[in-house]
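Here is a short report on a protein fold. Look at the sequence and the model first, then read on.

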Amino acid sequence: MMTTQPQYTYESANEQDTSRLAEALAPMMTPGTVLALDGDLGAGKTTFSQALARALGVADVVNSPTFTIIKEYSGESLPFYHMDVYRITEEEADELGLDEYFYGDGVTVVEWASRIPDLLPEERLTIYIETTGLQERRFLLTPEGPVYRHWCETLKQNGVFI
């Protein structure tokens, strides 16, 4: 029997709202946190990743790892691993040893995560970003696993989601 995952919606009018979502999520993150990001080209995956890195205390400039695939940063309390798998196949990604990141000591954000569905951990927070206007975005968060469901329920109770 297949169960449907709950989905939570966050409306962002601008980059500041996107940063607020990242700032609300960051304190909940622990080693092994995985965020699977998807959305149209230019929807704001890297903008969200940058905001999350700032919220985690990453001092370095975080830019898209499109050509390097994986970039590692030091945060105040957790390492931040930023991946972009747009340009590689699932087979190529499998050769990168992603499990070391997914089950490691940091927070991993995977842009274009839907390109590597069989490699992602079962428990993760999937975030799809829709472009709804020039600056406006809709974030659809699907928690996969009890930890991520708890995060989303907490944020919903705190009025973060509509």
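What does the count of aromatic pairs come to? It comes to seven. Rings of Phe, Tyr and Trp (its six-membered ring) pair if their centres lie within 6.5 Å; planes under 30 degrees apart count as stacked, over 60 as edge-to-face and the rest as tilted. One of the pairs is Tyr86 with Trp112, tilted, at 4.6 Å centre to centre and 45° between the planes. Tyr86 sits in the loop between β4 and α3 (90–94) and Trp112 in the loop between β5 and β6, so the pair ties together parts that are 26 residues apart in sequence.

This is a predicted model: local features need pLDDT of at least 70, side-chain atom pairs count only at pLDDT 80 or more, and totals for chains, interfaces and linings use all residues. Residues are numbered from 1 along each chain as its sequence is written, and side-chain values use heavy atoms, with hydrogens and water left out.

**The sheet.** Seven strands make an open sheet of mixed pairing, in the order β1-β7-β6-β2-β5-β4-β3. β1 (8–12) and β3 (70–74) are the edges; each has a single partner strand, so one side of each lacks a neighbour in the sheet. From one strand to the next, the twist averages 20°. Helices (H or I, at least four residues) and strands (E, at least two) are DSSP runs, numbered from the N terminus. Two strands pair if DSSP finds at least two bridges between them.

Two of the pairings:

| Strands | Sense and bridges | A bridge pair |
|---|---|---|
| β2 and β6 | parallel, five bridges | Ala36 and Thr126 |
| β3 and β4 | antiparallel, five bridges | Glu72 and Tyr81 |

β3 and β4 also form a hairpin, with four residues between them.

**The helices.** Helix α1 (residues 15–25) packs on the sheet and touches β1, β6 and β7 (137–144); its direction makes about 140° with that of β1. Helix α2 also packs on the sheet, touching β2, β4 (79–84), β5 (107–111), β6 and β7, and its direction makes about 155° with that of β2. Contact means heavy atoms within 4.5 Å. Axes are lines fitted to C-alpha atoms, for helices over the stretch in contact, and angles run from 0 to 180 degrees between N-to-C directions.
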